[in-house]
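Open the model in your viewer and keep the selection tool at hand. We will go stop by stop, picking a part and looking at what is there.

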Amino acid sequence: MPTRRARIPATKYPVERFTLDNGLRVVLTPDRSAPVIGVAVVYDVGIRSEPEGRTGFAHLFEHLMFQGSENLEKLAHFRHVQGAGGTFNGSTHLDYTDYFETLPSNALERALFLEADRMRGPRLTEENLRNQVDVVKEEIRVNVLNRPYGGFPWLTLPPVMFDTFPNAHDGYGSFDDLESATVADAADFFRRYYASGNAVLAVSGDVDVAEATELIERHFGDVPARPAPDRPDFTEPDLTVERRTSYTDKLAPLPAVAGAWRVPDPIGDFANYLPYVVLAEVLTDGDASRLVERLVQRDRSVTALGGYLGFMGDPFDVRDPTALLLQAHLPPGGDVDKVLRTIDEELDRLATDGLTDGELARTQARMATHLLRDTDAVLGRALQMAVLEQQRGEPGLLNELPRLVGEVTDEQVRAAAATLRPERRAAIEVIAGGAR
Amino acid sequence: MTTTLPAAPRALPPLGPNRRLKLPKQAERTLANGLTVIAVRRPAVPLVELRLWMPFGRAHLARGAMLAQTVLSGTETHTATQIAAELQRVGGGLSAGVDPDRLMLSGASLVTGLDRMLEILADVLTGATYPTDWVDTERDRLVDRIQVAQSQPAHLARTALLKRIYGRHPYAVQTPEPDQVRAIRPPALRKLHAERVRPAEAVLVLVGDFQPERVLDGAETALSAWTGEGHPVDLPPAPALQPGPLLLVDRPGSVQSSLRIALPAVPRTHPDHAALQLANLVFGGYFSSRWTENIREDKGYTYGPYSAIEHSVAGSVLIAAAEVATEVTGPALLETTYELGRLASLPPKPDELEQARQYALGTLQLGMSTQAGLASLTSAYAGNGLRLDFLAEHAARLAAATVDDVAAAAARYLAPAHAVTVVLGDAERVAAPLAALTPVRVESA
């Protein structure tokens, strides 16, 4: 009996776009349901743009953007945001770096002032640089060196899959590279990449469009115009022979494995990319998904499983080249080869027999919930729309994603599964050096 | 880079007028079976958030953990896979978690799927069967998960701290040992379910794009067949902190030390709570705190130091936590003790207090601005006998706290003389520097 499918609902967040004379692109998405706002500034530079010998520099520079600016002493940014009742952060991705605040809406002008001030120029000093190199080293120790599975697989798999420095290198950076960074490097990096023409500002939430537009003109209008730099070509050929490596993690108590396959260009070939986003969920979302049923429940060869698009789990804010990733933690003594063989078998079965009745529809309904849930937070909307504007010129795509995901067909998911062949796979195994 | 400062520096724009805290539309009903249902309207996205809070104090540790791991593993009418698939069909999902106070079922779905999600929830609550094959699989997975947790410094530090704080109190151990989990069989889970998964004193919170009264009717229809008396437990109050030598737990080769400091605190309704919350912010409860500005932004010892008040049914405690480089473990403790002592001895500056106050008030607004945030807040409040209208009362107390109130709270609660300190790290390298500052007792992990 064919099953009824849930109707996929949509959001209708309004979108206003304009560009200032200095090239800064602006997206406004008002929503007056709560007295809060999100403010995001996204620069079109990320880990892939780091110079050789300067691994981790994009992230280190992100830290330096919080160390004071033209009219603001060190610590002032934090105090002004939090003293207005807000929270802030920044994050460095493969293709972009974002800076953001979420605040009560009476702090709109203050947030715009703070972002404009550092867009004009951060205070880059030797003292601040040394201090933040120390902080970043502690961040790497917490997240990578002092814990099991640190950097697995987002830092450990790219060098297996890719050959060129931009795609393959460690985005957190080596301590040597971080320690040899200079103030002059930072000034160059700022001049080149932190240009008004290379940035997008997005404001979401409890704002009046006319008033916000005027405030944005007032604060960002006189940021000196600098054009966006040319974006290098980061493409690499697909794999034709499987690549496999392994390493021992001395803190890890259980073996683990991750595999990745290249996928179509998320920007230039979105229609063919989207089925892979759905495929990852068909394979791994919840107890009724294919690989969880097979590997976790039936074979018991895997104890935890995940599948997603993009090394940082960022399906809609990453450019080509990127990948579909599957990662699994195994029980003690587990057999990685067997797990990879079973994954191949399940992908074959999916490609050959297709999906079962209702399997796709329920996966799409669940994906709609996740997508809608992410947009409920006012800051989430600003961040996502800023990146969609930057990479696609299409911030309104945020409203369309649940529907577009819902339109992916059985045939497209099958065809996507058929491309995930072992010879196109890069895989990395974690040997449990901490097993007891 | 040399920036040329403009002749006339630009002035920071002032804040607009504060927006008043506005509570969302809500309705509440206690059903005949004793279940309290609270429905809160936030129509922003066409979804619903669900939190079911069930009192679970003094439940057997390993059985409780296994019950949470397997409660969704099947009923008389559905297998685990069918439960997951049926929930997915309406964009839904449920998960279970347990702590020393409560068992919690949480989830979200498309709002059009709420009735179906409640039906499935009712099926699980009244008819979970704990099938043997599933329990076998999930038992092994839980053991694996515990082993992974036990390899993580944050988990090891917390485990040591809880034991040190709570001694013989039930809160002292919150993660079962693998061998205890291995001994659990389905009959024990069915028995625990029958005894403890009950509507009396449980609270169901629903937040979403709906009319609250209508949703209460739906919940009543779906869940009225769930029955069972409450299970009164005798949970002793948490013991007062017993200061003593710093406990150093050895983790050979560790490149960082996990510093944990416990200090006394009071429940949300206590007259000192607002002032203590503000004192904690000034000390280490947000980025613009003295502690972060000192050991991160000035000294570079750490990435993310943080202190927070944790509320549990048996009592509240303030916990300050930082992961610091092994070579600066002693200096990091010195600065931490200095900052606690400074705030306990000298009143905060008025502008420091104002900044912390604005942060506390602003983040209340932010926390209420999503369905998920509202659901978690409403549920946490309800688990402690409070309702959302307490937010307004709390906001008023935050607004009214004076420098003297905050100084008094800091003197009473933040004094380093009252602290219980645990450090997890490489004893060979950090024992001597720590012993220069305070008596140290070393234990192996």
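**Stop 1: a sheet in chain A**

Select the strands β1-β2-β6-β3-β5-β4 of chain A: in this order they form an open sheet of six strands with mixed pairing. Strands (E, at least two residues) and helices (H or I, at least four) are DSSP runs, numbered from the N terminus. Two strands pair if DSSP finds at least two bridges between them. The model is predicted: local features need pLDDT of at least 70, side-chain atom pairs count only at pLDDT 80 or more, and totals for chains, interfaces and linings use all residues. Residues are numbered from 1 along each chain as its sequence is written, while chains are lettered from A and ligands numbered from 1 in the order in which they are written.

Zoom in on β4(A). It pairs with β5(A) in the antiparallel sense over six bridges. Look for Ser91(A), which stands opposite Asp98(A) in β5(A).

**Stop 2: helices across the sheet**

Select α3(A). This helix lies across β3 (36-43), β5 and β6 (199-205) of chain A, and runs at about 10 degrees to β3(A). Angles run from 0 to 180 degrees between N-to-C directions; axes are lines fitted to C-alpha atoms, for helices over the stretch in contact. Contact means that the C-beta atoms of two residues, placed from the backbone, lie within 7 Å.

Next, select helix α9 (residues 209-220) of chain A. It lies across β1, β2 (25-30) and β6 of chain A, at about 150 degrees to β2(A).

**Stop 3: a helix pair**

Select residues 290-298 and 336-353 of chain A. These are helices α11 and α12, packed at an angle of about 145 degrees with their axes 11 Å apart. Which residues of α11(A) meet α12(A)? Arg290(A), Leu291(A), Arg294(A) and Leu295(A) do, and they face Val339(A), Thr342(A), Ile343(A), Glu346(A) and Leu350(A).

**Stop 4: where the chains touch**

Show both chains. 73 residues of chain A are in contact with 65 residues of chain B. Several elements of chain A give two or more residues to this side, including α2 (76-82), α4 (126-145) and α8 (183-193). Which element gives the largest share? Select α13(A): ten residues come from it.

**Stop 5: strands in chain B**

Select β7 (residues 246-250) of chain B. It pairs with β12 (residues 440-444) of chain B in the parallel sense over five bridges. Val249(B) stands opposite Glu443(B). β7(B) also pairs in the parallel sense with β11 (residues 420-425) of chain B, over four bridges. There, Asp250(B) stands opposite Gly425(B).

**Last stop: zoom out**

Return to chain A. It has 16 helices and eleven strands. Its C-alpha atoms fill a box of roughly 60 × 50 × 35 Å, taken along the principal axes.
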